Amino acid sequence: MAEEVLRMQGITKIYPNGFMANKDITFGIGANEIHALVGENGAGKTTLMKILFGMEDCQEGKIFINGNEVKIANPLDAIAKGVGMVHQHFMLLPSLTVAENVVLGVEPMKNGLFDFNTAVKNTQEIADKYNFKVDATAKVSTLSVGQMQKVEILKALIKGAKILILDEPTAVLTPQETEELFEQLFNLRDSGVSVIFISHKLEEVMRICSKVTVLRRGECMGTYDTADLDESKISRLMVGRDVILKIEKEDPKPAEPILEIKNLRRFNSFGKAVIDGITFTVRSGEVVGIAGVEGNGQTELSEVLAGLAPFAEGDVVLNGKSIRGMSVRQIRDAGMAYIAEDRMVEGCSGEMSIEMNIMADRFTKSDYKNGLFINSKKMREETERLIDEFEILCDNADQPVRMLSGGNIQKVVVAREFTSGANFILANQPTRGIDVGTAEMIRKTIVRKSREEGTCTVLISADLNEVLECSDRLLVMRKGKVVAAFPKANEVSEGELGEYMLGLKTMTPEQMEGLL
Amino acid sequence: MSEVKQTTEAVKEKPQMDPRRSGVMQRTQRIEAMMEVVRIIAGMAIAYLVALLILIAISDDPLFIVKQFILGPFSSPRRIGSIINLAVPFMLCGLSMCFMYAVNKFNLIGESIFMLAGCIVTWLGLAIGNSLPMAVMVPLMLIVGAIVGAILSFIPAIMDRKLNANVVVVSLMLNAVIAQLAIYILRYFMRDPGISFIGSYETPDSMQLPTLFGKMKVGSGIIIAVILVIVISILFYKTAFGWKMRLVGSNPRFATAVGLSTLGISFAAQLAGGALAGVAGATEIMNSYKRFQWTASTGHGFDGLLVAVLAKRNPILVPIGALFLAYVRIGADVVNTSGDIPNEFISVIQGIIILLVAAESFLSGFKNKLIFRSVQAEKAAAQKDTK
């Protein structure tokens, strides 16, 4: 085994909001090694790398470089210790030349002034050394994405990086550029640079990496030789379930369709389809789960359904009415309730009182008005009742929501959305980052409302426990498309699900026929 | 609502606990409220101390100056009356800025609205003369002021919304233009050539508000201000529109997601804020002046911003912020006329006081420490209980 150049030992990171992003992670990489770090979004890869690069501090754990324990206080410190990082989003100055970008921070000087010619010479030297084909005098704004990435890598190399972190480097590249990148990574490896390659494209990992470390929900699932693994084994390690959660529920009795999505398309500002022809129907009395690696169009879909973003093609019909062109108010009046993905952004207003947050969707209705004024007494009674019902831990209804714990804030959100009288509930990550008790209450309420009141629910979640146990039917989204559909969510194995989520398998439209 | 009953049952399955059993949070709220008062008092004490230190260097009798600054404003009924009169435009402009703040749009057009509204009502008053009784004239002038304000604040609001032009920049630029417009009207349409300074003819008696409380000479404009404080506080806290504004201002994305028309509400709030600045200008002319004689921007719009900050954007607290600012200003006047201190220095002291009172995170480290300690104490106590 090659000599170990980096070891991260027992790394634990807890964010101020109580979220544990890394839990006692230990992993090491050897010299001349391309080491993959894989895991779903939110598994803690980026956090771990930010700790290594000095952008975050950790509560516990040690870092060793070449066997010596080091403290990395900030990125400059990390660079000085030979760690370089290429971020997902490039950090370049587009109006300057390649050479100027590369030497930024280590500018060659002559007579107290910046020496452009030496900068170009140094850049060209290092580019030639590692066989990078870039023109040092070109302006960055004229480069292609692949070339910009080379500049980023050169930036790290000129500062003497021996450990190079690449955060999803191929996500932005064309296949040809990817090939070129791989060639360069092999060159780097052979000249003594260790590369940490973050990705969830497993075929790339299998191709270029000799070792792979798998993270799942902040925990390390182990480091393996890629030779001992295949793609489906990695995917099982990545998306397995930690605890089996069981929700007792009767079989659904789907009745009339409430939500019909027909060949829906939405494009982002670059003209790329983020929702690419989705069709499915949700009936009264059933919960349809949507699983998938984050960033595959789930957020965009939920924005469309909640009326927060327009769509280009297709149609969404809610209770017989097309929502095209409707305002959020009109869609809500047509029967939609929305548990937002990020409760502090779209789910509540932290500075405002619990009362205002719970009443936010209904205080304009005539039930809560008293002539010109709002009916304070009725609103207060209603709020107090919901606080009791949902067991929101607080002093009184006037307390600002920001003073509550995450779980209690989410209770405020669901106290509003579950009681709005809607028959379609759009729940996007309804239990993310909250305590087990509240999560259970929310899941049970979703199921109960579907069985007893016949609401239809679209449940989007990165939590496999949740989608597998709460849902009746299950769809898998990847790259803006529905790539798999299962009639019974609780009979799907996570291994199978993982293969669809990561794109190892795709169902044909014929296979999904009748399941959408 | 049937679904509500069912969720009740859902929750009842779990062991019941008292949801109000959370002393920690109550204590946190109490600490936050207490620290608010401590912060203001500490801010003022530090400002006066700094002033005293500087005064020792430049004044023959520093203690006298500080005493004048603190107690001078209360030394005669006339001065107390002056504080109240000065507080009237501060209150109205503060209310105006509460609207802008509520929807998080720093539309600073109030500065020039105040001036132009004063100018327009004078012009109109001169045209009407004494033909109308005061009971008609005063409300008419207030309405005209409000209309002028609403029209002017429409400009930055629409540019912000349709052209994505920064509302701060547009309103500040417009301020310069509108102030010149007011001066133009004054010079070419209503200037009284018989007086030694630039000023309009005297306004008719029917639009000069009578004074109250004998010697204190408090103008009855304070009544208009107090009524508007009450009306607007009710609007903010007891009407759907007030709720909408506050929701939109505190988190526009959330407001959109629950179905509020964020753009329309923020637009309406800016128009209302502009209308109030217009009312402020009209009231000030009727309350404190016989002629329109402003030949430069008066600064009331920015004072309104200060008052709104001091009042924590809460219209109920606006009178306190306005009286405080007026008190500091009158204190400065007193020192200016009775001491050996240059006027500029007074502005410095004023600035320090307002800065420290307005700085929201002053002493926040101390506050957090108190909260942290109380949470720890609570936890320790809870552990003891379980043992």
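**Sheet, domains and helix packing in a predicted model**

Helix 3 and helix 13 of chain B are oblique to each other, a class left for angles that are not under 35 degrees (roughly parallel), over 145 (roughly antiparallel) or 65 to 115 (roughly perpendicular). This is a predicted model, in which local features need pLDDT of at least 70 and side-chain atom pairs count only at pLDDT 80 or more, while totals for chains, interfaces and linings use all residues. Residues are numbered from 1 along each chain as its sequence is written, and chains are lettered from A and ligands numbered from 1 in the order in which they are written. Helices (H or I, at least four residues) and strands (E, at least two) are DSSP runs numbered from the N terminus.

**Helix pair in chain B**
- Helix 3 (residues 62-71) and helix 13 (residues 318-338) of chain B pack at about 140° with their axes 7 Å apart, where axes are lines fitted to C-alpha atoms, for helices over the stretch in contact, and angles run from 0 to 180 degrees between N-to-C directions.
- The contact (C-beta atoms, placed from the backbone, within 7 Å) is made by Ile65(B), Gln68(B), Phe69(B) and Ile70(B) of helix 3 of chain B together with Gly331(B), Val334(B), Val335(B) and Ser338(B) of helix 13 of chain B.

**Helix pair in chain A**
- Helix 4 (residues 116-129) and helix 5 (residues 145-158) of chain A pack at about 100°, with their axes 10 Å apart, which makes helix 4 of chain A roughly perpendicular to helix 5 of chain A.
- On helix 4 of chain A the contact is made by Asn122(A), Thr123(A), Ile126(A) and Ala127(A), and on helix 5 of chain A by Leu154(A), Leu157(A) and Ile158(A).

**Sheet in chain A**
- Six strands of chain A form an open sheet with mixed pairing, in the order 18-21-22-15-23-24, two strands being paired if DSSP finds at least two bridges between them.
- Strand 18 (336-339) and strand 24 (481-486) of chain A stand at the edges with a single partner strand each, so one side of each has no neighbour in the sheet.
- Strand 23 (residues 473-478) of chain A runs antiparallel to strand 24 of chain A and is joined to it by five bridges; Arg478(A) has Lys481(A), in strand 24 of chain A, as its bridge partner.
- Helix 17 (residues 494-501) of chain A packs on the sheet, touching strand 15 (287-291), strand 23 and strand 24 of chain A.

**Domains of chain A**
- Chain A is divided into domain 1 (4-239), domain 2 (257-335 + 421-512) and domain 3 (351-420), with bounds that come from an automatic or database domain assignment.
- The centres of domain 1 and domain 3 of chain A, taken over C-alpha atoms, are separated by 47 Å.

Notes:
Two residues are in contact if their C-beta atoms, placed from the backbone, lie within 7 Å.
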